[in-house]
Amino acid sequence: QVQLVQSGGGLVQPGGSLRLSCTASGTIFGYNVMGWYRQAPAPDKERELVATISSGDDTYYSDSLKGRFTISRDHAKNTLYLQMNSLKPEDTAIYYCSMSGTVNSLEYFVWGQGTQVTVSS
């Protein structure tokens with residue numbers, strides 16, 4: 001069973017930077033995709049995709065975030081990162097990491113516990 005544990009986040013001023021981390025443990029092999037999602041603190045806001053990266057390091061970014069956010073992963077450490085630069089107040093949200101793949105022909109999708117990012121002066 002795959003588990004994800006997140007770290008990082010916190011309070012940052014507009015224009016600042018933060019790096020989020022997400023470490024995976026458990027049975028991990030074969031092709032998989034890790035990603036970052038976020039959910040803003042508003043009743044009508046749904047969880048939105050930020051970026052994904054495959055085990056082959058193919059990346060995908062939300063068009064609105066491309067250029068400010070960078071997703072990466074350290075395969076040796078089973079750790080996913082999200083480097084966030086030039087942060088804006090509208091980036092305030094709970095950020096979740098995810099992992100999806102297949103183990104023994106069974107598909108899985110797991111979430112991290114979430115971490116709060118607040119951009120405010």
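Modeller: Strand E1 (residues 3–7) and strand E3 (residues 18–25) pair in the antiparallel sense. This is a predicted model; local features need pLDDT of at least 70, side-chain atom pairs count only at pLDDT 80 or more, and totals for chains, interfaces and linings use all residues. Residues are numbered from 1 along each chain as its sequence is written, and side-chain values use heavy atoms, leaving out hydrogens and water.

Biologist: Why are E1 and E3 called paired strands?

Modeller: Strands are DSSP runs of E, at least two residues, numbered from the N terminus. Two of them pair if DSSP finds at least two bridges between them. E1 and E3 have five bridges, so they meet that definition. Within this pair, Gln6 stands opposite Cys22.

Biologist: What makes Glu48 and Arg38 a salt bridge?

Modeller: A salt bridge needs a side-chain nitrogen of Lys or Arg within 4 Å of a carboxyl oxygen of Asp or Glu. In Glu48 and Arg38 the closest N and O atoms are 2.7 Å apart, so the pair qualifies. Glu48 lies in strand E5 and Arg38 in strand E4, so parts ten residues apart in sequence are tied together.

Biologist: Why is Arg38 called buried?

Modeller: Buried means under 20% relative accessible area, exposed over 50%, partly exposed in between (1.4 Å probe, protein chains only). Arg38 has 9%, so it is buried. Glu48 has 32%, so it is partly exposed.

Definitions and conventions
Helix = DSSP H or I, 4+ residues; strand = E, 2+ residues; numbered from the N terminus.
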